[in-house]
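Open the model in your viewer and keep the sequence beside it. The stops below say what to select and what is there.

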Amino acid sequence: MPVTFKKGNVVSALIDGEIDCLLHVCNNKGVMGSGIALEIKNRIPDAYQGYKSAQVANNMRLDLGSISFGWATNGGSVCNMVAQDGYGQRIKHLQYGALAECLSRFHKGTNYKTVGIPYKMGAERAGGDWNIVLELVEYFLKDFNVTVYELWGEIMLSLIVDNQKIDTN
């Protein structure tokens with residue numbers, strides 16, 4: 001199935017029941033301190049608890065390529081994909097092999113129908129290449145209805161940078 005793009009907040013989409021599962025990239029340090037991870041930590045605390053529980057269960061380690069889950073109050077779930085080695089700016093932390101392993105594990109181990117991911121997952125703060133990330137998503141999640149959610153501010157920023165026009169309806 002083709003990946004679709006939509007304006008909106010992927011966390012709100014999960015909470016509102018628009019999608020069954022939200023996938024996002026996490027670091028292997030047990031920190032959800034910025035970006036979509038911080039929003040998930042604040043709005044869906046069980047997702048953060050699932051992430052921290054996986055760390056505790058593995059002797060305080062989060063292995064690259066591992067996944068954990070947490071649930072929203074409406075029954076939707078968050079898949080925490082540990083594909084980022086550390087965190088910080090100006091260097092690439094995203095590990096493509098780890099992301100591929102996470103997506104493969106999700107594909108083999110779940111039966112969700114609708115999946116949402118944040119626009120530029122693994123490419124903004126984690127420093128990866130969005131085109132490579134999207135190619136991995138399209139390959140491993142071809143059996144799911146995947147929607148990429150773009151926040152309006154991110155769309156506007158990309159328009160300013162790329163000098164493009166977008167339909168705002």
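Two strands pair if DSSP finds at least two bridges between them; strands (E, at least two residues) and helices (H or I, at least four) are DSSP runs, numbered from the N terminus. This is a predicted model, in which local features need pLDDT of at least 70 and side-chain atom pairs count only at pLDDT 80 or more, while totals for chains, interfaces and linings use all residues. Residues are numbered from 1 along each chain as its sequence is written, and side-chain values use heavy atoms, with hydrogens and water left out.

**The sheet.** Select residues 21-27 and 77-84: these are strands β2 and β4, which run parallel and are joined by seven bridges. Within this pair, valine 25 stands opposite methionine 81 of β4. Now show the whole sheet, which is open and has six strands in the order β1-β6-β5-β2-β4-β3, with mixed pairing. β1 (4-7) and β3 (67-71) are at the edges with a single partner strand each, so one side of each has no neighbour in the sheet. From one strand to the next the twist averages 30°.

Select residues 35-43, helix α2, which lies across β2, β4 and β5 (114-118) and runs at about 120° to β2. Such angles run from 0 to 180 degrees between N-to-C directions, with axes fitted to C-alpha atoms, for helices over the stretch in contact. Contact means heavy atoms within 4.5 Å. Next take helix α5 (residues 130-140), which packs on the sheet and touches β1, β5 and β6 (145-150). The direction of α5 makes about 170° with that of β5.

**A lysine over a ring.** Go to lysine 142, which lies over the face of tyrosine 139 at 4.3 Å from the ring centre. A charge sits over a ring if NZ of Lys or CZ of Arg is within 6 Å of the ring centre and within 35 degrees of the ring normal. Lysine 41 has its charged end over the ring of tyrosine 48, 4.7 Å from the centre.

**Glutamine 84.** Finish in strand β4 with glutamine 84. Is glutamine 84 buried or exposed? Its relative accessible area is 9%, so glutamine 84 is buried (buried is under 20%, exposed over 50%, partly exposed in between, with a 1.4 Å probe and protein chains only). Leaving aside neighbours within four places in sequence, glutamine 84 has contacts that include Val25, Leu64, His93 and Ala126.
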